[in-house]
Amino acid sequence: MEKSRHRQQFVFSLLLGLWLPYCLAQTTAANRANLAPTPSSSPNTEKLKVRLSGYPRKHNEGRIELFYKGEWGTICDDDFSIANANVLCRQLGFVSATGWTHSAKYGKGQGKIWLDNVLCHGGEKSIKFCKSRGWGNSDCTHDEDAGVVCRDERIPGFVDPNVIEAQVDENKVEEVRLRSVVVTARKKLPITEGIVEVKHKNGWVQICDLRWTIKNTHVVCGMLGFPHERKVNKNFYKLPSKAKAYSKSKQSNPGKRLYLERQKNNFFIHSVACTGTEVHLAACPMEFSKPNATSACTGGMPVVVSCMPGPQFIQNSSLKKKVKVSNNVRLKGGARLGEGRVEVLKGSEWGTVCDDRWNLLSASVVCRELGFGSAKEALTGARMGQGIGPVHMNEVKCLGQEKSIWNCPFKNITSEDCQHVEDAAVWCNVPYMGFENSIRITGGRTRYEGRVEVLSSDSNGTQSWGLICGENWTTKEAMVACRQLGLGYANQGLQETWYWDSSNVTEMVMSGVKCTGSEMALSQCQHHKTVSCQKSAAKFSAGVICSETASDLVLNASLVQQTAYIEDRPLHMLYCAAEENCLSKSASKANWPYGHRRLLRFSSEIHNIGRADFKPKAGRHSWVWHACHSHYHSMDIFTHYDLLNGNGTKVAEGHKASFCLEDTDCQEGVSKRYECANFGDQGITVGCWDLYRHDIDCQWIDITDIKPGNFILQVVINPNHEVAESDFTNNAMKCNCKYDGHRIWFHNCHIGDAFSEEAEKRFEKYPGQLNNKIS
């Protein structure tokens, strides 16, 4: 009887399990009554042709195009998802998708928009089995063409011709280069002048210079990373009338003139007509040479251009002074040179740009005024982290020829119109410098970690790879190494690498490396002329762990200003604080437990505005337990508190160990991840903040010995750069401070790089106060 009841319950549960999902599916379907599996005029057994198109792109990314009813068309980005991208990437022969793009990132397609409101689950074998509005039924324009980024790993045994077919396009321009014809110039990077060549099939072909304009040159220079173009001496490149005789004379003096006469003219493009605002040559109208034409460039020659590099890439110091970049626009938070959040200086305060209507034209204006080329990408949605302070601009509408973003039409906005989650960013074209060829990392478990090896030359000129001494190797040096490798930020800089594979170990060739952190390559950093390393074994060589993202901590400056006050605290209440060295040195000579210490107290609220969680470098196994306060320290020094006099001398100091890094609160839509209770994980989540209240131990500066006067309060987070951040320049906060012996006033509190240089100079000299005036 009991078994029979169990059997009935099992059957009922099974039926319920089958019926309930069906009902839910019907309910969902009812809500999307206008969507249905995409009908196809061809049998389901026939494979749908899919290809990747657009510019600029790699082989595993691009605008999605479908071949239907004898015509190629696109997909609208409405309701597009990663599930759709996964289906399409698998159709193309890749294992999966890593992302998708909207708003015609790879350029606008032509012809039909075949599909709209596509809704895949992700497991479909073809996009035609996903729900949509039906073939050809769309309310979109080609401004909304969708694209995909596929994981660069092929499905084993995949033989479908989709990808191959997509790549065989006779008239396609993807890769462009300058080929210097002067031997000495080829050895110096960047190459700024030469013949324009286009990658075609397995070789490089040329463009006829007939009807070539300065606008075309502007576009070519921009996509190669140069902000401006220069005039070319075309006579220098013309062939002499007696080419053979010239060739013989040239052999006797090969460095004197050119090798151009040895180059067979191979013209692929007959004419180009750029407007000058395009970010890639492929966006310009062009006429291709006909395969059977006997004379593709009658009376002409290959196109030659000369570009002016930005000051960061000029070797000649006298030229650097002539080429200036904007001082009221900057990029912040990017791992590589030429990328970052766009910040503009209005009045004396730096602020951000809202991403409404942000596009490649506006982004290219920013890139060029900062000494780079045109924009590779106009990034929206705070892709390079959120800024702080005001949002100065919205709906920027550059035409593309402007000298500065400040010359473009834009809207002044209030904080209600745009939040920092909408901060605009750019990724600019930069000149090829070949820095990645002189460095590598080996021995690590992934391509993002390993011992750093640099290319060195011996006295005979023989080149070989060698290790760097790990002594004094810090996050700053690791940041440069990761940047040089194109691997993003440095998660850690390691002075010991004994736990990595050492089968390919070489000798030490560099020591004493000291970087500011902003260099493009380790060769630009200071280092010893001859190797000097106390621990020269391979296990003590420098190593890095790189990461595509990093945290970014900033202090809430206004809260410091609002919460500052003085407390005279009895010594008998300060035993634990003294144990943790939170009092000035004179406290050790005090008559304990009698008397008091005068403390300058304030709250500090530390926000993580980066793109990765801030976590202590040390694992919890090495955290230090402090019995007096009954908590763990995950970082010995998390914050420095200093009081400086007018000339910058430190007159009082305090420091803060990270006794509990956690998410006190978060912005809307972000969940807390770190909580210290019960020996929990410590850290600060992206979009969250950690609040150290003014009334907790060590949240102060001991000013017992300070005489009345005007001072500067300086707070520095993560002062030793123990934990990687995308931007260390915003870790310091400063305030003007006036102390009359009884009361204290803070004013003008701000992040260290929030003001212009002129405002900073005035700030340091300013003796009075702007608010909280003594009545």
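1. Which residues does Ala 85 touch, not counting residues up to four places away in sequence? Ala 85 touches Phe 80, Ala 97, Gly 99, Trp 100 and Val 148, where contact means heavy atoms within 4.5 Å. The residue is found in helix α2, residues 82-91, helices being DSSP runs of H or I with at least four residues and strands runs of E with at least two, numbered from the N terminus.

2. Before going further, please note that this is a predicted model, in which local features need pLDDT of at least 70 and side-chain atom pairs count only at pLDDT 80 or more, whereas totals for chains, interfaces and linings use all residues. Residues are numbered from 1 along each chain as its sequence is written, and side-chain values use heavy atoms, with hydrogens and water left out.

3. Ala 85 counts as buried because its relative accessibility is 0%, the term meaning under 20% relative accessible area, with exposed over 50% and partly exposed in between (1.4 Å probe, protein chains only).

4. A pocket here is an open set of points on a 1 Å grid over the protein atoms alone, where a 1.4 Å probe fits, with protein on both sides within 12 Å along at least five of seven lines; lining residues have an atom within 4 Å of a point. Of the 40 lining residues, Leu 331, Lys 332, Ser 518, Asp 727 and Thr 729 lie nearest the centre, and strand β16 gives the most to the lining, with four residues.

5. Lys 332, found in strand β16, counts as buried because its relative accessibility is 10%. Its side chain makes a polar contact of 2.4 Å with the side chain of Asp 753, a polar contact being a pair of N or O atoms within 3.5 Å, one able to donate a hydrogen and the other to accept it, with residues adjacent in sequence counted only if both atoms are side-chain atoms.

6. Glu 567 is found in strand β29, residues 565-570, and its side chain is joined by polar contacts to those of Arg 569, at 3.0 Å, and Arg 601, at 2.5 Å.
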